[in-house]
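Here is a briefing on one protein model. Keep the sequence and the structure open while you read.

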Amino acid sequence: YAENVVVESKSLTFDAVEVGSVVLTGGLDAPTFLVYYTGGAGVVLKGLVVSGGRGYAPDGGGSLGAMGGGVSVLASSIGLSNTVLVGNSAGLGGGLFAYGSENIFMQNVGILGNEATALGGGLAAIGSTLHPRSNMTLTNVTIADNLTDGYGGALCASGSNVELSGVIVASNGETAACQLSSANQPAVYVE
């Protein structure tokens, strides 16, 4: 489906029932999934393939550009299981960007071939005044072949508690522009 899904102030579960049977491809210059102010349980994505998202820019992008190519989560909790984020791009968090999100949970997820111009080619999480420390838990997640111009080709987390278990990080790196300006940025950057 070529769709962009926006969830505001609701707790929902999107379940493909059969893993990979539903492929959502962003149709606009926006994230394929935009989730904000859901509170409570937040949003859960199960068994989906999310691709083609281009990020969300509430203020025109500012100096960092659009946020969250595949999934952009603002002041909400998100859970992903048996889901693949592939071929998305943004300024922050090519596959997924979370800002001020209380909980980010992923199990059996692939974050593959995404790109960010600023931070977090695969995913980025940044704390906010409301939730200065997001809790990110990744279990059996593969983060591979993602690129960024800045920190964290695979993952960039600032103001976040990060717990990794059974996570594979492989072949993530810098774009040509980043290689020209600064060498050897880390694939995983947590501050």
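## Strands and their faces

Strand 3 has a covered face, with Val22 and Leu24, and an uncovered one, with Val23 and Thr25. Strands here are DSSP runs of E with at least two residues, helices are runs of H or I with at least four, and both are numbered from the N terminus. This is a predicted model, in which local features need pLDDT of at least 70 and side-chain atom pairs count only at pLDDT 80 or more, while totals for chains, interfaces and linings use all residues. Residues are numbered from 1 along each chain as its sequence is written, and side-chain values use heavy atoms, with hydrogens and water left out.

**Overall picture**

- The protein chain has one helix and 21 strands.
- Of its 191 residues, 50% count as buried. Buried means under 20% relative accessible area, exposed means over 50%, and partly exposed lies in between (1.4 Å probe, protein chains only).
- Among contacts between residues at least 6 apart in sequence, 80% join residues at least 24 apart. A contact means heavy atoms within 4.5 Å.

**Strand pairing**

- In a regular strand the side chains alternate between the two faces of the sheet.
- Strand 1 pairs with strand 4 in the parallel sense, over four bridges. Two strands pair if DSSP finds at least two bridges between them.
- Val5 has Phe33 as its bridge partner in strand 4.
- Strand 3 pairs with strand 6 (residues 48–51), also in the parallel sense and over four bridges.
- Val23 has Val49 as its bridge partner in strand 6.

**Two threonines and Ser51**

- Thr25 is found in strand 3. It is partly exposed, because its relative accessible area is 29%.
- The side chains of Thr25 and Ser51 are joined by a polar contact of 3.4 Å. A polar contact is a pair of N or O atoms within 3.5 Å; within protein, one must be able to donate a hydrogen and the other to accept it, and residues adjacent in sequence count only if both atoms are side-chain atoms.
- Thr25 and Gly70 are 45 residues apart in sequence, but their C-alpha atoms are 8.7 Å apart in space.
- Thr32 lies in the loop between strand 3 (22–25) and strand 4 (33–36). Thr32 is buried, because its relative accessible area is 0%.
- The side chain of Thr32 reaches the backbone oxygen of Ser51 at 3.1 Å.

**The aromatic pair**

- A search of the whole structure finds one aromatic pair.
- The rings of Phe14 and Phe33 have centres 5.1 Å apart and planes at 75°, so the pair is edge-to-face. Rings of Phe, Tyr and Trp (its six-membered ring) pair if their centres lie within 6.5 Å; planes under 30 degrees apart count as stacked, over 60 as edge-to-face and the rest as tilted.
- The pair links distant parts of the chain: Phe14 in strand 2 (residues 12–15) and Phe33 in strand 4, 19 residues apart.
- Phe14 counts as partly exposed at 24% relative accessibility, whereas Phe33 counts as buried at 0%.

**Nonpolar cores**

- The largest nonpolar core has 30 residues, and Val71 and Met106 have the most contacts inside it. Such a core is a set of buried Ala, Val, Leu, Ile, Met, Phe, Trp, Tyr and Cys residues joined through side-chain atoms within 4.5 Å.
- A second, separate core of nine residues includes Leu74, Phe97, Ala118 and Ala124.

**Loop residues**

- Most residues other than glycine have a negative phi.
- Ala75, in the loop between strand 7 (71–74) and strand 8 (78–81), has a positive phi near 50°.
- Ser171, in the loop between strand 19 (168–170) and strand 20 (173–174), has a positive phi near 55°.
- Ala75 counts as partly exposed at 21% relative accessibility; Ser171 counts as exposed at 59%.

**Confidence**

- The protein chain averages a pLDDT of 82, and 80% of the residues score at least 70. pLDDT is the predictor's confidence in each residue, from 0 to 100.
- Over residues 176–183, pLDDT stays under 50.
- Where pLDDT is low, the predicted coordinates should not be read in detail.
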